[in-house]
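Dear colleague,

Please find the structure below, together with its sequence. A short account of the findings follows it.

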Amino acid sequence: MKRIKSFVLVFLCLVLILTGCQSGSKSNKIVIGLNAELTGSVPVVGASCKNAAELAVKEINDAGGLDIKGKKYPVELLIEDNEDKAESAAAAAQKLATAGVIAMIGPNASRNAIPASVIAESSKMLMISPWSTNAKATIDEKSGSPKKYVFRAAFIDDFQGQVAAKFALDQLKTIKPAVLYDVASEYNKGIAEVYKATLEAAGITLAAFESYTSGDKDFSAQITKIVQAGADSLFLPNYYSEVPLQVQQAKKLGYEGSFIGSDSWGSAELLTLCGSDCDGSYFTTHYAADIATEKAQGFIAAYKAAYQATPDDVAALTYDSFGLLFQSLQAAGKVDREAVRNAMAAITSYEGVTGNMAFKGTGDPVKSAVVIQVTDGTFKYFQTANP
């Protein structure tokens, strides 16, 4: 009988421990996972994400914890490096799901967010990707329906590609547009195709639609075709680490038209790598530090004080991802995965650093975009594009 009682006691203890893991609560703490590109080809993205995550958590903990129905919970952050690899991103998601976090923030790059989202969905773990814009992250490919547990703080490529194409038509007056994109990356390929389709729907035929593969350093063959086609604008929906080489090689090969980019340009590292070659270029992104709202100004000041740098769009979107999660936790009224997921889906108004957001039946927020111009080695706000 004593053995049976001991077994029952141990069993009940295990149930309580597992229940705590599933709820994302650990010793009365709220445990949040971070799945970020700390190493690999875009380490600046991972660093910005980690900085903003730690700032958001620190602010909550400095205030005594997150207030949920009168009880304050300290927040604990579990950080995993996905190495900017799809398989590592999925493995990190599985590790965090097993650890029982209340939610996972990240990954950022779509190529990592898509495989991680499969794990999040199957684990019934809320996932919020700060920076991923490819539609596949939040849509189930087999059914075509929205994933239930996967959300993002960024707009999607369909919207961004349309904004970039409309800008090329209305502002740059392009009649011979060209595109150079990474065919091996879901993000680059997806936005390039939307851009092309939007221009063609407006009656514009592309002068050139050229591709390369991740890791390439020599783009001369593709750019030569673009120059020979007489292109007057060149869309580069590629990462900050690749764009400077592409712009510099294009200029050396005689290209004299405009350059347009996407939100993957938004790192200060682009300015360092590109120098004056990128001056006069434009790109679509999520927020502009020089027209920040009062809330955004507070975030920028706190980030600068902590890291002696102006936050980029990844940092701003990461901070908003935590803000969305904190608002959902408070609305749910308890530290429970399913309740928090439901509260997240019901958000009709969130005032973020990157603008106002609402969710209407999918994990993709309704929000605006901005166009930035590179001017004298800095990012300057140019205009806003609403959905």
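How much area do domain 1 and domain 2 bury between them? In this predicted model, the two domains bury about 1400 Å², with 56% of it on carbon and sulfur atoms. On the domain 1 side, R111, W131 and F155 supply 36% of the area buried against domain 2, more than any other three residues.

The domain assignment places residues 30-155 and 292-368 in domain 1, and residues 158-285 in domain 2. Their centres, taken over C-alpha atoms, are separated by 29 Å. At the interface, 18 residues of domain 1 are in contact with 15 residues of domain 2. One salt bridge is found across this interface, along with five residue pairs in polar contact. Helices α2 (43-62) and α4 (110-123) each supply at least two residues of the domain 1 side that touches domain 2.

Two individual residues may also be of interest. K147 is located in the loop between β7 (126-129) and β8 (150-152). K147 is buried but has no salt bridge, and D140, the nearest side chain of opposite charge, is 6.4 Å away. The side chain of K147 does make a polar contact of 2.5 Å with the side chain of S117.

Q330 belongs to helix α11 (residues 313-332) and counts as partly exposed because its relative accessibility is 40%. A polar atom of the Q330 side chain lies 3.2 Å from the backbone oxygen of D67.

With kind regards

Key: Residues numbered from 1 in each chain as written. Predicted model: local features only at pLDDT ≥ 70, side-chain atom pairs only at ≥ 80, totals over all residues. Heavy atoms only, no water. Helix = DSSP H or I, 4+ residues; strand = E, 2+ residues; numbered from the N terminus. Buried < 20%, exposed > 50% of the residue type's maximum accessible area, 1.4 Å probe, protein only. Polar contact = N/O pair within 3.5 Å; in protein donor to acceptor, adjacent residues only side chain to side chain. Lys, Arg positive; Asp, Glu negative; His and termini not counted. Salt bridge = Lys/Arg side-chain N within 4 Å of Asp/Glu carboxyl O. Domains from an automatic or database assignment. Contact = heavy atoms within 4.5 Å. Buried area = accessible area lost by both parts, 1.4 Å probe.
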